[in-house]
Amino acid sequence: MLVSPDAPAPFIRLQGVSKVYRGRGQDFLAVSDATFDVAPGSLVSLVGPSGCGKSTLLKILAGLHGHDDGQVTIGSPQHPFDPGRDVGMVFQAPLLLKWRRILENVLLPAEILGLPMAAARERARALLAMVGLAGFEDKYPYELSGGMQQRASIARALVHDPKLLLMDEPFGALDALTRDRMNIELLRIWQESGKTIIFVTHGVQEAVLLGTQVVVLTAGPARMADHFNVDLPHPRRLALRNDPKFGEYTQRIYHLLGLD
Amino acid sequence: MKTDKGGEARRFGLAVLMHLLLVAAWHFFVVLGEVPSFVMPTPVDTVKALFAGDYRWGENLLTTAGEIFGGYALAVVIGIGSALIFSWSRLTEEVVMPLLVSLNMIPKVALGPLIIVWFSYGFLPNTVIAFSIAYFPIVLTTARGLREVEPELIDLVRSIRGSRWQIFTKIQFPGALPYIFSGMKVAAVLAVAGAIVGEFLGSERGLGYLMLQVQVTLDTAAMFMAVILITMIGVVLYGLVLALERAMVVRDARVS
């Protein structure tokens, strides 16, 4: 196992998790034998091609899907987890509500959870400042660029102070330069917020650059091919991609995906 | 699409100017072309019709406006209401929707004589005709709008155990508003036509009724005035809907 005996209890533990979608006539194996631990406060990249089950795994963690086999445990005595309120989600599209100003968009989860609004408002402003959107509180989404909208959606995912942030290809729709910038921003936000983040991507470089740990999933049939810690120093910069060690990690993933 | 205040004022001024030009063109066409007044009166003669004869303009105007606004209000309430039922009950939508799509193809005007058989003639059947013609665009666009919800937004709400009611009030209904208004704008135009057709078919009051009366005496100026007043009712209704849309829907989300 990757967890040494004196390491803190894992925040998330998956053991042999599998999920089958039952279709007409044919069943589709979406996830099989996913087994890995996630330490509290780590950033785990789930990387793999389309159909490898990474989004399904994310939805299982979000409590949106059940699973057919294996065990999913989230939370530990030191880090209790309330599945009803400790999840924040970010998707490929920002999915901001067009009719709400940015601040009101960020407040949506707080409203749904019925949190005290004065405090939530305060927190939303602070989060917007953290993601670099101070001064944009009263703008409408259409007045913001795609990258800025995605920053707002990250602030929204954090407004109710969830312990677990689930991100499903959040930068997949952005142009390459914006994506690079958002990668660095996410690393900063992660370090400032101390959240446990599960980051789904099909970008191999992105997975290694961001992850403290990488889980490689392959398709046809879906299975977990590998998981390993990324032993690269923090804070990370884009130049890290030229590091030979970085290349070894990406090569390891490309090999598993049959791309070498 | 951004417009500054100056651009808006310029456009409004241009619109007013074009309307005045149309009236002027009308005037000179009649005067210079020596068009007989029973074919086409001048604008001035048309306004004079308001004070000539015993046409009870006020009463007729109120009757027609009442039919239009009444039928329209019914169409908005029942149209949005039935679309809500469809969105809450998939079964109802699957059963009723194909029927509505077919019923929508019936030219509602053709139902006029039937509706008069069912409701006698006068205010009520004309309101019903206005309703029946305005209902369909509202129910169809509202149902469409309520269906257009990003599944991932629902995932987001459900991941923190949000209720179906919260999804409806915070995401689904506000998201459907632009669609609802686009249906309401189409319906506003149709409701006017529906009420007038009803009055043509059978009634003893209203501007459409008045037009048939003065047609016999060839008082064309009064007919022109009636058409103008009917148009103005429509403009007021449409303007109210636009104002409501401006108040409720963020510009970028509007469906033009």
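Where does α6(B) bend, and which proline follows within four residues? In this predicted model, for which local features need pLDDT of at least 70 and side-chain atom pairs count only at pLDDT 80 or more while totals for chains, interfaces and linings use all residues, side-chain values use heavy atoms, with hydrogens and water left out. Residues are numbered from 1 along each chain as its sequence is written, and chains are lettered from A and ligands numbered from 1 in the order in which they are written.

The bend in α6(B), by about 30°, lies at B:Tyr135, and B:Pro137 is the proline that follows within four residues; the bend at a residue is taken as the angle between axes fitted to the seven residues ending there and the seven starting there. Helices (H or I, at least four residues) and strands (E, at least two) are DSSP runs, numbered from the N terminus. Because the expected span of a helix is 1.5 Å times one less than its number of residues, the 25 residues of helix α6 (residues 123-147) of chain B should span 36 Å, and the end C-alpha atoms, 36 Å apart, agree with this. Since 19 of its 25 residues are buried, α6(B) is largely enclosed by the rest of the structure, where buried means under 20% relative accessible area, exposed over 50% and partly exposed in between (1.4 Å probe, protein chains only).

The secondary structure of chain B as a whole comprises 10 helices and zero strands. Along its principal axes, the C-alpha trace of chain B spans about 75 × 55 × 25 Å, and buried residues account for 44% of its 256 residues.

In chain A, several strands pair, a term that requires DSSP to find at least two bridges between two strands. Strand β1 (residues 12-22) runs antiparallel to strand β2 (residues 27-38), with eight bridges joining the two, and A:Val20 stands opposite A:Leu29 in β2(A). The hairpin of β1(A) and β2(A) has four residues between the strands, and in this hairpin A:Gly25 takes a positive phi near 80°.

Strand β7 (residues 196-201) of chain A is mostly covered, with six of its six residues buried. A:Thr196, A:Ile198 and A:Val200 point one way from β7(A), whereas A:Ile197, A:Phe199 and A:Thr201 point the other way. Five bridges join β3(A) to β7(A) in a parallel arrangement, with A:Val47 and A:Thr201 as bridge partners. Strand β6 (residues 164-168) of chain A also runs parallel to β7(A), through five bridges, and A:Asp168 stands opposite A:Val200. A:Leu43, which lies in strand β3 (residues 43-47) of chain A, counts as buried because its relative accessibility is 0%.

One cavity of 30 Å³ or more was counted, a cavity being a set of points on a 1 Å grid over the protein atoms alone where a 1.4 Å probe fits but cannot get out, with lining residues having an atom within 4 Å of a point. The largest cavity has a volume of about 50 Å³, the volume being the space filled by probe spheres set on points joined across faces, edges and corners. Its lining includes A:Met89, A:Arg156 and A:His160 as well as B:Leu156 and B:Ile160. Elements giving two or more residues to this lining are β5 (87-90) and α5 (146-158) of chain A and α7 (151-159) of chain B, and β5(A) gives the most, with three residues. By class, the lining has six nonpolar, three polar and one charged residues, with Ala, Val, Leu, Ile, Met, Phe, Trp, Tyr, Cys and Pro counted as nonpolar, Asp, Glu, Lys and Arg as charged, and the others, Gly among them, as polar.

Key: 1 Å grid on protein atoms, 1.4 Å probe; cavity = no way out; pocket = protein on both sides within 12 Å on 5 of 7 lines; lining within 4 Å.
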